[in-house]
Amino acid sequence: MRKGEDLLNGLECLAIRLFKINDLSQVLMVEKESFHPGQQYDESVFMRYLDMKHVFLVADLRGKIIGYVLGFVEDSSIAHLASIAVSSSYRGLGIGRRLLEEFEKKAAALGAKRIVLEVSTSNTVALNMYVKK
């Protein structure tokens, strides 16, 4: 069995759930692993989102946070997807897509009728995920 197949077999225990403050240190590790130093959010940015009409979900695999999605909903019923990341060991297994789908559901429940995001044209992995949707 290949490593990816081993990981897939363990994903039946994966839960996409709301962020809890105790998750922050693990979310910051995913952030550090996923983005270059000048592009990383720090703790204060994540905390600032908690003061908004936010959607902050984590991918929890048996207590280990392996991904997250973060955004907020404006009064104009537009959701802004601010950041989404998955630990490198778990990329390509559909976790990002599951996070995105749950983000869409939660944002709609908060009144969002449309979701906007910004992504670099050089980020082909993210572009492919959004286009497949």
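**Cores, rings and a helix face**

Biologist: Where is the place of Ser83?
Modeller: Strands are DSSP runs of E with at least two residues, helices are runs of H or I with at least four, and both are numbered from the N terminus. By that count, Ser83 has its place in strand S4.

Biologist: What kind of model is this?
Modeller: Residues are numbered from 1 along each chain as its sequence is written, and side-chain values use heavy atoms, with hydrogens and water left out. Local features need pLDDT of at least 70, side-chain atom pairs count only at pLDDT 80 or more, and totals for chains, interfaces and linings use all residues in this predicted model.

Biologist: Is Ser83 buried or exposed?
Modeller: Buried means under 20% relative accessible area, exposed means over 50%, and partly exposed lies in between (1.4 Å probe, protein chains only). Ser83 has a relative accessible area of 7%. That makes Ser83 buried.

Biologist: With which side chain does Ser83 make a polar contact?
Modeller: A polar contact is a pair of N or O atoms within 3.5 Å; within protein, one must be able to donate a hydrogen and the other to accept it, and residues adjacent in sequence count only if both atoms are side-chain atoms. Here the distance is 2.7 Å. The partner of Ser83 is the side chain of Tyr68.

Biologist: Which residues touch the most other members of the largest nonpolar core?
Modeller: A nonpolar core is a set of buried Ala, Val, Leu, Ile, Met, Phe, Trp, Tyr and Cys residues joined through side-chain atoms within 4.5 Å. The largest one has 21 residues. Its members that touch the most others are Ile95 and Leu99.

Biologist: Which element gives the most to this core?
Modeller: Strands S2 (54-61), S3 (64-73) and S4 (78-86) and helix H4 (95-109) each supply at least two of its residues. The top contribution is five residues, and it comes from H4.

Biologist: Which residues does Ile95 touch, not counting those up to four places away in sequence?
Modeller: Contact means heavy atoms within 4.5 Å. With close sequence neighbours left out, Ile95 touches Leu11, Leu14, Ala59, Ile66, Val86 and Tyr90.

Biologist: How many residues does the second, separate core have?
Modeller: Phe46, Phe56, Ile65 and Tyr68 are among its members. The count for this second core is 14 residues.

Biologist: How many aromatic pairs are there?
Modeller: Rings of Phe, Tyr and Trp (its six-membered ring) pair if their centres lie within 6.5 Å; planes under 30 degrees apart count as stacked, over 60 as edge-to-face and the rest as tilted. The count by this rule is seven.

Biologist: Why does the pair of Phe19 and Phe56 count as stacked?
Modeller: A ring pair is described by the distance of its centres and the angle of its planes. For Phe19 and Phe56 the centres are 4.0 Å apart, and the pair is stacked because its planes are at 0°.

Biologist: How many residues apart in sequence are the parts that Phe19 and Phe56 tie together?
Modeller: Phe19 lies in the loop between strand S1 (14-18) and helix H2 (24-34). Phe56 lies in strand S2, so the pair ties together parts whose separation in sequence is 37 residues.

Biologist: Which residues do ring pairs link into a cluster?
Modeller: Phe19 is buried at 12%, and Phe56 is buried at 2%. Both belong to the cluster, which is Phe19, Tyr41, Phe46, Tyr49, Phe56, Tyr68 and Phe72.

Biologist: Within what arc do the buried residues of H2 fall?
Modeller: In H2, Leu24, Val27, Val30 and Glu31 are buried. An α-helix has 3.6 residues a turn, so residues three or four places apart point the same way. The arc uses the directions from the helix axis to the C-beta atoms. The buried residues line one face of H2, because they fall within an arc of 120°.

Biologist: Which residues are exposed on the other side of H2?
Modeller: The buried residues of H2 pack against helix H3 (43-49), S2, S3 and S4. On the other side, the exposed residues include Met29 and Lys32.

Biologist: What distance separates the C-alpha atoms of Lys106 and His54?
Modeller: Lys106 is in helix H4. Lys106 and His54 are 52 residues apart along the chain. Their C-alpha atoms are separated by 9.2 Å.
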